[in-house]
Amino acid sequence: MKSARAKTPRKPTVKKGSQTNLKDPVGVYCRVRPLGFPDQECCIEVINNTTVQLHTPEGYRLNRNGDYKETQYSFKQVFGTHTTQKELFDVVANPLVNDLIHGKNGFQI
C-alpha cells in the first residue's frame, strides 16, 4: 500500500480590489563613499537621488558583444560622496528613533 503524499498548499487567490499594492516596510538606502586614494577609479555613478549606475572598471572583460555592462539600481534614497554623517542620520535613522521613542512601530514605510 502506497502512502499518500501531502499536496503542496496553493497560494490564496487575490481578489480584485484587495490591497495588493502594500508598501514594503523596509527602506533600502545607498551611500556612495569617497574613494580612499585619488588614483582609484570610480565604478559607481549617482544618476539621481534614487538611482545609481555601475560601470565596469577599465581593464575588465567586455561582454560578448564588446560593450561594457552597465547596471542601474534603485533605492529609497541615494546619498552621494559629499553627504555628511549628520545628513545621513537625519534622513535614515532619526525618524526611526523618534518613532520608537513615541511608541510607534520600529520600521519606516
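Select Phe89 first: this residue is found in helix H1. Helices here are DSSP runs of H or I with at least four residues, strands are E runs of at least two, and both are numbered from the N terminus. At 39% relative accessibility, Phe89 counts as partly exposed. The cut-offs are under 20% relative accessible area for buried, over 50% for exposed, and partly exposed in between, with a 1.4 Å probe and protein chains only.

The model is predicted, so local features need pLDDT of at least 70 and side-chain atom pairs count only at pLDDT 80 or more, while totals for chains, interfaces and linings use all residues. Residues are numbered from 1 along each chain as its sequence is written, and side-chain values use heavy atoms, with hydrogens and water left out.

Keep Phe89 on screen and show what it touches. Leaving out residues up to four places away in sequence, Phe89 touches Asn94 and Pro95; contact means heavy atoms within 4.5 Å.

Next, select Lys86 and Asp90. Both lie in helix H1, residues 85-92, and they are 4 residues apart, about one turn of the helix. What joins the side chains of Lys86 and Asp90? They meet in a salt bridge, at 2.8 Å from N to O. The term means a side-chain nitrogen of Lys or Arg within 4 Å of a carboxyl oxygen of Asp or Glu. Side chains of opposite charge can pair when their charged atoms come close. The structure holds 1 salt bridge. Lys86 is exposed, with a relative accessible area of 57%, whereas Asp90 is partly exposed at 34%.

Two packed helices are described by the angle between their axes and the distance between the axes. On the H1 side, the contact is made by Phe89, Asp90, Val91 and Val92, and on the H2 side by Asn94, Pro95 and Leu96.

Go past H2 and pick Asn105, which is placed in the segment after that helix. Asn105 is exposed, with a relative accessible area of 52%. Apart from its neighbours within four places in sequence, Asn105 is in contact with Asp99 and Leu100.

Is Thr51 buried or exposed? Thr51 is buried, with a relative accessible area of 9%. Beyond residues up to four places away in sequence, Thr51 touches Glu45, Val46, Gln72, Tyr73, Ser74 and Val78.

Then select Lys69, in the loop between E3 and strand E4 (71-74). Lys69 counts as exposed at 52% relative accessibility. The C-alpha atoms of Lys69 and Thr56 are separated by 6.3 Å, although the two residues are 13 residues apart along the chain.

Finally, display the whole chain. The chain has 2 helices and 5 strands, in the pattern β-β-β-β-β-α-α along the sequence. Buried residues make up 9% of its 109 residues.
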